[in-house]
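The structure is shown first.

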Amino acid sequence: MLLYPPAPMKNLLTLPACEETTARKGRMRLPIALVLTLGLGGLMLVAVASVFWLGVQTSGRNTYNLLADKAELAMNMAETRVRAQLDPARSQVDYLTNMLATGQVPIEDTERLKSVIQGALAATPQVAGIGIVRADDNERMVGAARIRDTGTSLSMDQANDASKILADVLRTGSAHWVDPVWAEEIETTVMPVQGPLRRDGQFLGAIASVVGFNGLSRFLRDADRDDDLTSFILFDDHYVLAHPALAERKFDFSKVKDRPPLPTLEEVGDPVAAAIWSVVGPDGMGTKLAKWNEGKKVQVTLDERRSDLQFRQAEVDGVSYFYLLRSISDYGEHPFTLVVVMREEDVDRELERFQHLLVVGFGILIASVLAAMLVGKMISRRIRLLSGAAVALRDLDFQNVPRLPDSRFREVADAAAAFNAMVSGLRWFETYVPKSLVLRLIRRDGTQSEIPSEEREVTVLFTDIKGFSAMAERMSPQDTADWLNRHFTRIAACIEAEGGTVDKFIGDAVMAFWGAPDDQPDHASRALRAALAIAQVVKEEAEDARAAGLPPVCLRVGVHSGPVIVGNIGAATRINYTIVGDTVNTAARLEALGGEMMGDECYVVLVSDDTVTAAGNCTIDMPLAPIGAFSLRGRVSLVDVWRLVVPS
């Protein structure tokens with residue numbers, strides 16, 4: 001029987017939710033790490049700003065012109081190369097769409113489709129695969145894919161994403177690029193372009209063409225051999241679409257779910273690429289470069305040349321690099337960034353005389369920010385752990401509350417030790433208190449000092465095992481307890497899946513109810529669905545028993561709906577949120593009546609006419625059959641009883 005300790009229950013039910021919400025709205029709270037980083041880092045930033053500015057001001061108009069001209073030329077060349085790699089995939093989609101739309105190739109002719117697709121794939125080495133999904137068969141894809149690292153193609157008859165592609169083109173209505181996805185069939189990340197197939201206005205299906213990034217990386221590697229530039233493509237700033245270093249590398253992103261299926265800047269292994277965001281460079285097109293020209297300081301900006309070209313600068317292993325960035329939005333749902341990297345010494349030799357000044361300025365700035373972040377991290381990391389653990393504790397998620405580690409700060413260490421001890425005790429508390437019920441009571445009456453007893457319309461369910469005493473005689477006490485625990489766990493899962501509350505365990509019986517503490521107008525239908533789900537439990541337990549050479553375990557269930565008194569009932573020291581009334585007794589009597597009707601069956605569910613009436617239209621799909629009116633102990637009038645017929 002589940003008994004509720006009154007003190008913890010009262011504390012849980014009187015959480016000052018409104019006061020907490022008011023406090024949160026009335027006062028701004030800033031992270032300690034942010035305050036320390038902005039405070040210390042900001043002071044150091046102001047201190048070195050003048051040094052950095054002087055270094056920038058030593059640049060001249062000639063240097064700017066050289067940088068701007070070379071930047072535009074390099075970026076235009078790189079963009080042309082990238083488009084030459086990606087555009088054939090779109091061209092193939094348009095070409096095949098036209099062939100199918102004009103009837104040159106019947107979409108029903110699978111072999112002809114495969115032949116045409118393989119020919120198109122052979123003609124475009126940039127394309128990694130082409131596939132067609134018919135509207136009348138959204139589980140299969142007819143197509144071909146290029147086997148990675150070979151020049152041969154592999155015919156495909158199915159694809160995991162066929163139905164998804166079909167749904168996507170129906171939603172968009174036109175050919176379009178899609179963000180990078182992992183292609184399980186060819187075990188690589190690809191960028192698809194997909195579109196609808198129509199003939200005379202009739203939707204025939206979808207076509208998709210994909211470009212593999214290994215091929216694009218090899219393309220960038222071969223293209224960069226002819227000059228001193230390095231080009232790569234970023235997705236979402238921190239993921240790499242293509243890079244010369246990835247030309248021969250393989251990644252497995254089949255298990256990745258919470259991030260794009262692409263390597264990060266750090267995973268590429270190129271320190272120059274990884275450093276692109278490590279130093280805050282000039283602010284895009286607003287960068288100002290200056291020089292002394294005939295004793296006069298002249299200000300020029302990149303805005304005058306190209307409004308779509310951004311500029312950053314960083315230093316790696318003592319060498320300064322310029323990063324030229326251009327956003328390309330023609331491919332995919334999100335734009336990606338084309339990056340061209342140049343050595344500073346290749347741009348203008350005159351900048352070398354100011355290298356030391358810039359390095360020192362950046363070094364001081366980075367060191368100050370890192371120092372502030374380190375201090376803030378040391379303090380805030382423990383506090384964040386405590387905060388996260390407290391949030392889990394607030395939600396009564398005791399099993400997932402992390403154990404707080406020790407700390408070098410004395411007060412934090414004492415708090416962590418006390419918190420860990422408290423959680424250990426609460427985990428025992430959780431064993432005896434139904435957490436789901438307590439959470440629902442908190443949400444319902446979190447601002448009340450106590451829960452009033454009231455009359456509610458509910459549905460009550462009783463279960464009982466037939467012949468359990470005889471079975472228990474052949475088992476040890478520990479085996480009996482283990483078996484009951486497994487049985488009750490399965491039964492409780494069925495009840496709680498339908499929003500029910502397990503009231504108590506009585507020997508080998510279970511009592512549960514619906515309709516309290518939450519208002520559940522469909523409490524009767526919920527109970528009937530739970531009874532059907534319990535049938536599967538009985539079936540599984542029978543299979544386990546047969547496997548062990550034991551007779552099957554049989555279960556009888558009684559379900560009745562009606563008014564009850566619901567609330568906190570018990571002694572001053574131990575209370576139970578439960579229900580009492582004739583409705584409870586009637587449900588128990590129906591369960592007992594089921595024992596007289598079991599015969600050779602192992603699962604009998606008897607339902608009162610009140611429950612069937614309360615379920616209303618929900619019983620249309622329920623296998624219910626009337627079996628007559630019966631006299632139940634404690635009831636003056638006869639009770640019309642239905643039987644829930646469970647398929648064998």
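## Salt bridge criterion and a buried pair

A salt bridge here is a side-chain nitrogen of Lys or Arg within 4 Å of a carboxyl oxygen of Asp or Glu. The model is a predicted one, and it holds 17 salt bridges.

One of them joins Arg556 and Asp464, with the closest N and O atoms 2.8 Å apart. This pair links distant parts of the chain, since Arg556 sits in strand E18 and Asp464 in strand E15 (residues 454-466), 92 residues apart. Arg556 and Asp464 are both buried.

## Other salt bridges

Arg171 and Asp168 form a salt bridge at 2.4 Å, N to O. Both residues belong to helix H6 (residues 162-172) and are three residues apart, about one turn of the helix. Arg171 is exposed at 58% relative accessibility, whereas Asp168 is buried at 12%.

Glu248 pairs with Arg221, the closest N and O atoms being 3.1 Å apart. Glu248 lies in the loop between strand E9 (239-242) and helix H8 (265-268), and Arg221 in helix H7 (residues 213-224), so the bridge ties together parts 27 residues apart in sequence. Glu248 is exposed, at 52% relative accessible area; Arg221 is partly exposed, at 23%. Elsewhere, Glu79, Arg83, Arg326 and Asp330 are linked in a network of salt bridges.

## Disulfide

The count of disulfides is one. It is formed by Cys554 and Cys602, whose sulfur atoms are 2.3 Å apart.

Cys554 is buried, with a relative accessible area of 12%, while Cys602 is partly exposed at 23%.

Methods. Residues numbered from 1 in each chain as written. Predicted model: local features only at pLDDT ≥ 70, side-chain atom pairs only at ≥ 80, totals over all residues. Heavy atoms only, no water. Disulfide = S-S within 2.5 Å. Buried < 20%, exposed > 50% of the residue type's maximum accessible area, 1.4 Å probe, protein only. Helix = DSSP H or I, 4+ residues; strand = E, 2+ residues; numbered from the N terminus.
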